[in-house]
Amino acid sequence: MRLASWNVNSLKVRLPHVLDWLAEQAPDVLCLQETKLEDGNFPIKEIEEAGYHAVYSGQKTYNGVAILARTPPQDVVYGIPGWEDLQQRVLSATIDGVRVVCVYVPNGQSVDSDKYPYKLAWLQALESYLRDSLQSHAQFAVLGDYNIAPTNRDVYDAAIFGEGILVSEPERAAFTRLLALGLIDSFTLFEQAEPVYTWWDYRMGGFRRNHGLRIDHILLSASLAQRCTDWQVDKAPRKLERPSDHAPVWVDCIGG
DNA sequence: ATGGCGGCTCGCAGCCGA
């Protein structure tokens, strides 16, 4: 099965790209972030006509997550249970026996912003939730925009970012703690010769100059990682007119 | 050194993203 993730930066604007991508890549599951749509405006008709079921949790202007799947998502959980959050950033569902968690980790804005401690507290809450969920799901995948570049290799110019947002030690430590739960960054199963990015700045010809970051990740439980045969980032949608600044990423897993 | 793009809104300027 193919499990994918894409921060679309407005599903309203990007719906044609998403529908084209579903047709071309035929993922079994596609996790979306930054839909920026209230649930009443979610394009469920178009998604269903494309052959997908969908569950979604959105809000106006900011955030919003969705899971599209060829078979009906089951046991849907909205947000992080027991952790109040007005921002719609997490959605979980079981699809074909795999527990899928779609995450849009807060950006944090800057390390001296109020949004930075919110990001770290949010990551702590996510860690607790994932620890609990892993107890009951051997086949487990956490896909999304983590807003963390795990190593300097995941940054086009580490000097520019310094100890700033997306790369700071506390954020990277939080990411490492997610791995310590027993999750594997599927990207690392298929080490690449050249640096690989999933996001490029709209400004200053960021994509053309390959000024990117690897901040979209697919973490897999050990059982699911054993079934994983490929990891890819598809840069093609980033080349289209009015692209998202993120590219879709996916993994293929045997069976399911 | 700064901002540079793009999407959003009880919009026409300002916030936010990364």
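Three bridges join S9 to strand S12 (residues 216-221), and the two run antiparallel; strands here are DSSP runs of E with at least two residues, helices are runs of H or I with at least four, both numbered from the N terminus. Leu183 stands opposite Ser221 in S12. The model is a predicted one, in which local features need pLDDT of at least 70 and side-chain atom pairs count only at pLDDT 80 or more, whereas totals for chains, interfaces and linings use all residues. Residues are numbered from 1 along each chain as its sequence is written, and chains are lettered from A and ligands numbered from 1 in the order in which they are written.

S9 and S12 belong to an open sheet of six strands with mixed pairing, in the order S5-S6-S7-S8-S12-S9, where pairing requires that DSSP find at least two bridges between two strands. Strand S5 (74-78) and strand S9 (183-185) form the edges, each pairing on one side only, and the twist from one strand to the next averages 20°.

Helix H3 (residues 115-136) packs with helix H5 (residues 169-180) at an angle of about 5°, their axes lying 10 Å apart (axes are lines fitted to C-alpha atoms, for helices over the stretch in contact, and angles run from 0 to 180 degrees between N-to-C directions). H3 and H5 are therefore roughly parallel to each other, a term that covers angles under 35 degrees.

DNA strand B is surrounded by 22 residues, of which the closest are Ser10, Asn107, Tyr202, Arg203 and Met204, a residue being near if its C-beta atom, placed from the backbone, lies within 6 Å.

How values were computed. Parallel < 35°, antiparallel > 145°, perpendicular 65-115°, else oblique.
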